[in-house]
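These are my notebook entries on one protein model. I set down what I looked up, one topic at a time.

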Amino acid sequence: ETVDGQLDVLYFSPGFPVDTGEIRRVSKVEGVVARSWTLDRAADGIERSGGTLYVHGYFNQLDGVDVPHLARILPDGAVDPSWNLHFDGYATNMAIDSDNGIYLGGDMYIDGILYKVLKLSAVDAQVDFSWSHLVEGFVHCLAVGQEGHLLVGGDFNAVDNEPRAGFAALGSSDAIFSNGF
């Protein structure tokens with residue numbers, strides 16, 4: 001599955017050492033760059049849901065569109081300027097669940113409050129503040145588990161004031177992971 005229905009592979013240059021980046025969609029069939037997008041700074045990752053791409057990282061612009069740290073590329077290849085979450089800090093991790101809930105990990109400040117994990121709407125990038133977890137430390141990776149809970153790995157000792165040695169399954173009883181790794 002691809003942005004425009006053709007088989008492809010996505011590559012991105014992380015922007016080092018010149019601190020800029022580029023995302024490229026390469027046709028598997030022809031082996032050529034079918035589309036590219038430029039970043040003013042580095043991207044940390046790309047996730048795909050259907051034909052839509054979600055990009056996160058240290059950038060402020062993607063293809064000249066102001067979308068600081070987080071962007072959505074529509075199936076036609078256009079950067080969506082209306083899909084934008086304004087926050088200070090950075091998102092270093094992203095995962096998307098089967099209902100198109102988008103999870104971010106990192107150090108994100110919204111209205112002066114630090115969040116280590118956030119859940120966003122794929123429709124309008126609005127934060128679901130009813131889904132909230134306190135992570136005491138740094139989040140290094142996110143993944144959605146088979147039962148739909150969010151798996152979080154990182155350098156932390158507690159989540160929601162419960163001891164967790166670097167691993168937690170959020171949205172579940174988490175009992176099998178109570179001792180961490």
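Entry 1. I worked from a predicted model.

Entry 2. I next examined how S12 passes into S13. The two strands form a hairpin, and five residues lie between them. In the turn I noted glycine 148, whose phi is positive, at about 95°.

Entry 3. I turned to another group of strands. Here I found an open sheet of three strands in the order S9-S10-S11, paired antiparallel. Strand S9 (88-96) and strand S11 (113-121) are at the edges; each has a single partner strand, so one side of each has no neighbour in the sheet. On average, neighbouring strands of this sheet are turned by 20° against each other, direction ignored.

Entry 4. I asked which residues have the most contacts inside the largest nonpolar core. They are Leu70, Leu85, Ile102, Leu104 and Leu120, in a core of 18 residues. S9, S10 and S11 are the elements that give two or more residues to this core, and S10 gives the most, with four.

Entry 5. Finally, I listed contacts of leucine 104, leaving aside neighbours within four places in sequence. Among them are Leu70, Leu85, Leu118, Leu120 and Leu142.

Methods:
Residues are numbered from 1 along each chain as its sequence is written. This is a predicted model: local features need pLDDT of at least 70, side-chain atom pairs count only at pLDDT 80 or more; totals for chains, interfaces and linings use all residues. Side-chain values use heavy atoms; hydrogens and water are left out. Two strands pair if DSSP finds at least two bridges between them. Axes are lines fitted to C-alpha atoms, for helices over the stretch in contact, and angles run from 0 to 180 degrees between N-to-C directions. A nonpolar core is a set of buried Ala, Val, Leu, Ile, Met, Phe, Trp, Tyr and Cys residues joined through side-chain atoms within 4.5 Å. Buried means under 20% relative accessible area, exposed over 50%, partly exposed in between (1.4 Å probe, protein chains only). Contact means heavy atoms within 4.5 Å.
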